[in-house]
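Hi,

Here is the structure I promised to pass on. Have a look first, and my notes follow below.

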Amino acid sequence: MRAGVLPKLLLSPSVLLLLVCVYGYIMFTVYLSFTSSTLMPVYDWAGPASYHRLFGLENWSVSLGNLVVFAGLYIGIAIVLGLGFAILIDQRIRAEGLFRSVFLYPMALSFIVTGTAWKWLLDPGVGLENTLHHLGWESFSFNWIKDSDMAIYCVVIAAVWQTTGFVMALFLAGLRGVDAEVVNAARVDGARTWQIYLKVIIPQLGPVFLSAFVILAHMAIKSYDLVIALTNGGPGRSTWLPSVFMYQYTFTRNEMAVGAASAVLMLLAIGVVVLPYLFSEYRKVKRG
Amino acid sequence: MDKNNKPLAASRLALYAVLVFLALLFLMPVYVMAVNSLKPLDEIRNGNLLALPQLWTSEPWTTAWSTAQIGVQPTGLKPYFINSFLIVVPAVVLSALIGALNGYILTQFKFRGSNALFAAMLFSVFIPYQVVLIPMAKTLGFLGLAGTISGLVFVNVVYGIGFTTLFFRNYYAAFPQELVRSARMDGAGFFGVLFRILLPSSGPMIVVTVIWQFTNIWNEFLFGASFSDYSSFPLTVALNNLVNSSTGVKEYNVHFAGAFIAAIPTLVVYMVSGKYFVRGLMAGSVKG
């Protein structure tokens with residue numbers, strides 16, 4: 001049915017909010033990144049000066065380096081574990097629902113809760129290290145969270161714990177959609193279970209790998225809460241991510257233009273990951 | 001199918017052993033939070049994080065709830081727990097209603113640019129919110145909503161519409177069109193179709209949307225940290241404040257109790273309606 005006045009009228013507030021608060025604000029932030037704004041926005045045109053400054057800042061290169069390490073490990077480990085868990089659950093086990101719920105419940109928690117729990121679990125003074133010392137393993141040492149070279153891996157651990165169940169759910173849905181005929185044929189041919197997974201089933205899960213990658217990558221780029229709760233960016237700046245950098249430079253260091261530039265780069269990174277995916281999904285839907 | 005039962009039984013046993021081990025590993029952080037929130041502080045410092053309390057005490061819970069220092073005030077988390085509800089309830093209701101209306105309009109009416117509009121909405125759910133923080137802070141200041149509960153409701157509604165529209169659009173796109181057409185033939189108008197045909201059969205999607213939005217907004221941190229002050233902190237911000245800015249003795253047991261308090265609402269929702277939570281996750285990830 002062709003839309004009359006009423007549907008258009010009722011849709012217009014959402015359209016307006018979308019145009020202003022999403023795309024308008026993005027343009028505003030892009031513009032700010034080309035000004036010399038410090039504490040407050042100013043609207044002079046300063047060219048790409050803030051990007052020059054950004055790329056020269058060690059805080060930015062540390063944040064970016066951390067993101068590469070964090071995203072790489074987080075995505076890789078969560079996908080491998082998620083697929084592994086899904087395969088284990090897919091073995092027609094008892095209490096499947098219970099296991100699924102247990103692996104997935106961290107997704108219902110706030111990253112602040114997760115961060116708090118893992119902060120003390122990984123803390124050498126009260127957590128794992130202390131516990132094992134009290135159990136008699138005196139020489140055990142696990143102080144990554146206090147070590148600026150290792151602390152980023154603690155962020156990976158907590159993030160993987162939070163999201164593995166979700167990736168598992170994605171793969172389970174994929175596994176349940178695998179063509180049973182092909183699997184049975186392989187079984188009749190005498191293939192072992194692991195061979196069937198490796199040669200028949202996993203190759204069919206390409207689209208699931210792709211969605212999992214896109215979702216995890218965009219979550220990694222946006223990660224903020226977890227770092228704040230777990231390490232607050234420390235020790236020093238050793239667990240800063242671009243999101244932490246953006247907040248610091250915009251709101252506490254009064255370098256708003258640099259903060260805006262970092263936000264724009266985060267958006268670009270997300271765009272590079274997400275847009276091709278959305279575009280291909282959209283074309284699939286259109287073709288039916 | 002299983003010719004030789006013996007090695008099979010052994011492999012089943014191994015499978016269950018692995019699953020149970022992983023399940024315990026996944027439950028460990030919440031177990032640690034629970035048991036240590038019921039111990040006196042000395043017991044945590046001088047002991048084993050995995051042990052049950054020797055001396056059970058509910059004091060950490062009462063401290064976290066009503067007397068712990070959040071910033072400068074010894075208010076406990078209680079007022080912030082209430083704040084979170086004051087933010088979440090209107091934000092969930094409004095964003096779900098708008099989403100249902102948008103989904104209805106986008107699927108049942110044809111107009112120019114509707115596909116582009118939907119694509120624009122879809123991408124909006126992926127953007128890193130850092131890219132809208134500065135202009136949104138200015139807008140809230142301009143509207144007199146800076147540092148208020150209403151301001152946070154507004155922000156959460158604005159950036160929730162993309163999700164809720166997506167959910168309802170996909171649901172209504174699969175809705176039997178004959179029902180809509182015959183209702184129209186019987187003289188149902190714009191609201192007639194919505195209230196008498198679509199909404200009464202949207203039960204599951206309403207539940208999915210409400211749970212999704214509830215979980216997301218309850219767990220939200222970045223907007224809360226950016227746009228609220230001591231009177232309007234959501235619980236996540238207050239919890240982070242409690243854990244990360246305490247200057248004196250670190251009261252781990254109080255932190256664990258606080259984290260648990262923040263986790264309870266979403267955990268309860270997850271346990272009561274995990275099925276819908278998973279559906280939301282899948283609908284929110286397999287977009288398009």
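A word on domains before anything else: their bounds come from an automatic or database domain assignment. For chain B, that assignment gives domain 1 (5–67) and domain 2 (78–285).

Some housekeeping: this is a predicted model, where local features need pLDDT of at least 70, side-chain atom pairs count only at pLDDT 80 or more, and totals for chains, interfaces and linings use all residues. Residues are numbered from 1 along each chain as its sequence is written, while chains are lettered from A and ligands numbered from 1 in the order in which they are written.

Back to the two domains of chain B. Their C-alpha centres lie 32 Å apart. Still, 13 residues of domain 1 of chain B are in contact with 11 residues of domain 2 of chain B (contact means that the C-beta atoms, placed from the backbone, lie within 7 Å). On the domain 1 side, α1, α2 and α3 (59–67) of chain B each give two or more residues, and α3(B) has the largest share with 6 residues. (Helices are DSSP runs of H or I, at least four residues, and strands are runs of E, at least two, numbered from the N terminus.)

Next, the two chains together. Here 70 residues of chain B are in contact with 76 residues of chain A. Of the helices on the chain B side, α14(B) gives the most, with 14 residues. By class, that side has 50 nonpolar, 16 polar and 4 charged residues (Ala, Val, Leu, Ile, Met, Phe, Trp, Tyr, Cys and Pro count as nonpolar, Asp, Glu, Lys and Arg as charged, and the others, Gly among them, as polar).

One helix pair is worth a look. α4(B) and α8(B), residues 161–173, pack at about 45 degrees with their axes 7 Å apart (axes are lines fitted to C-alpha atoms, for helices over the stretch in contact, and angles run from 0 to 180 degrees between N-to-C directions). The two helices are therefore oblique to each other (under 35 degrees is roughly parallel, over 145 roughly antiparallel, 65 to 115 roughly perpendicular, and the rest oblique). Among the residues making this contact are Gly99(B) and Gly103(B) of α4(B) and Phe167(B) and Phe168(B) of α8(B).

Finally, chain A: it has 13 helices and 0 strands, and its C-alpha trace spans about 75 × 70 × 35 Å along its principal axes.

Cheers

Note on methods. Two residues are in contact if their C-beta atoms, placed from the backbone, lie within 7 Å.
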